[in-house]
Amino acid sequence: MTEFSEGESVTLDRLKEKMAEFARERNWDQFHSPRNLLLALVGEVGELSEIFQWKGEVPKGLPGWKEDEKLHLGEELSDVLLYLVRLSDICGVDLGKAALRKVELNAIKYPVSQKQNQTNSITDPNTTTTSHGNNNTEEFTG
Ligand SMILES: Nc1ccn([C@H]2C[C@H](O)[C@@H](COP(=O)(O)OP(=O)(O)OP(=O)(O)O)O2)c(=O)n1
């Protein structure tokens, strides 16, 4: 079913080309407008949310989940990613570059404090996570 070989890295460009080909072959370019793609993306985020709905907090790694549940999760995550990649392409945004730039902006906005550096060197960050999911409790403003 898949033409990717095990261990091969999947790039955003590859996904972009696959989605463009998928739409072209079906003459669906006409439907892949920015607004339609955005709505489709939001719909898929809803489907992704349903998987976690009413479950309470879910431990990392999803212990106890059945294989078919994890497969379903992968499908919904993929739908979100694919529509996001397609939306970016249609809007003429280089998603990879934009995301890397955003990570840099995030690092400027949320600098690593001296105290944080010391804490990280002596403790496992997973044990200091707060309810915000952010270890930098004193400086978290998001
Ligand atoms: N006009 C469309 C319709 C579908 N897709 C692609 C992108 C998504 O990866 C997937 C979405 O397909 P469905 O709308 O059938 O959604 P689901 O796969 O989630 O099915 P369902 O909603 O029945 O669970 O197909 C697309 O690119 N353009």
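In which segment is Val10 found? Val10 sits in the segment before α1, where helices (H or I, at least four residues) and strands (E, at least two) are DSSP runs numbered from the N terminus. Residue numbers start from 1 along each chain as its sequence is written. The model is predicted, and local features need pLDDT of at least 70, side-chain atom pairs count only at pLDDT 80 or more, and totals for chains, interfaces and linings use all residues.

Val10 is exposed, with 10 other C-beta atoms within 10 Å. Neighbours within four places in sequence left aside, Val10 is in contact with Phe4 and Leu15; contact requires that the C-beta atoms of two residues, placed from the backbone, lie within 7 Å.

The protein chain as a whole has 5 helices and 0 strands, and from the N terminus on its elements run α-α-α-α-α. Of its 142 residues, 6% count as buried. Among the contacts with a separation of 6 or more, 69% are between residues 24 or more positions apart.

Two packed helices are described by the angle between their axes and the distance between the axes. The axes of α1 and α3 come within 9 Å and cross at roughly 85 degrees; axes are lines fitted to C-alpha atoms, for helices over the stretch in contact, and angles run from 0 to 180 degrees between N-to-C directions. The two helices are therefore roughly perpendicular to each other, since angles under 35 degrees count as roughly parallel, over 145 as roughly antiparallel, 65 to 115 as roughly perpendicular and the rest as oblique. On the α1 side, Leu12, Leu15, Lys16, Met19 and Ala20 meet Leu82, Val85, Arg86 and Asp89 of α3. The residues of this contact divide into 6 nonpolar, no polar and 3 charged. Here Ala, Val, Leu, Ile, Met, Phe, Trp, Tyr, Cys and Pro count as nonpolar, Asp, Glu, Lys and Arg as charged, and the others, Gly among them, as polar.

Helix α3 (residues 67–90) also gives the largest share of the shell around the ligand, 3 residues. The residues around the ligand are Phe22, Trp28, Phe31, Glu47, Asp79, Leu82 and Tyr83, each with its C-beta atom, placed from the backbone, within 6 Å of the ligand. By class, the shell has 5 nonpolar, no polar and 2 charged residues.

Asp79 lies in helix α3 and counts as partly exposed, with 17 C-beta neighbours inside 10 Å. Beyond its neighbours within four places in sequence, Asp79 is in contact with Glu44 and Glu47. The C-alpha atoms of Asp79 and Asp29, 50 residues apart along the chain, are separated by 17 Å.

The loop between α2 (34–52) and α3 holds Trp54; Leu62 lies in the loop between α2 and α3 as well. Most residues other than glycine have a negative phi. Phi of Trp54, however, is near 70 degrees, and Leu62 has a positive phi of about 55 degrees. Trp54 is exposed, with 5 other C-beta atoms within 10 Å, and Leu62 is exposed with 12.

Notes
A residue is buried if 20 or more other C-beta atoms lie within 10 Å of its own, exposed if 12 or fewer, and partly exposed in between; C-beta atoms are placed from the backbone.
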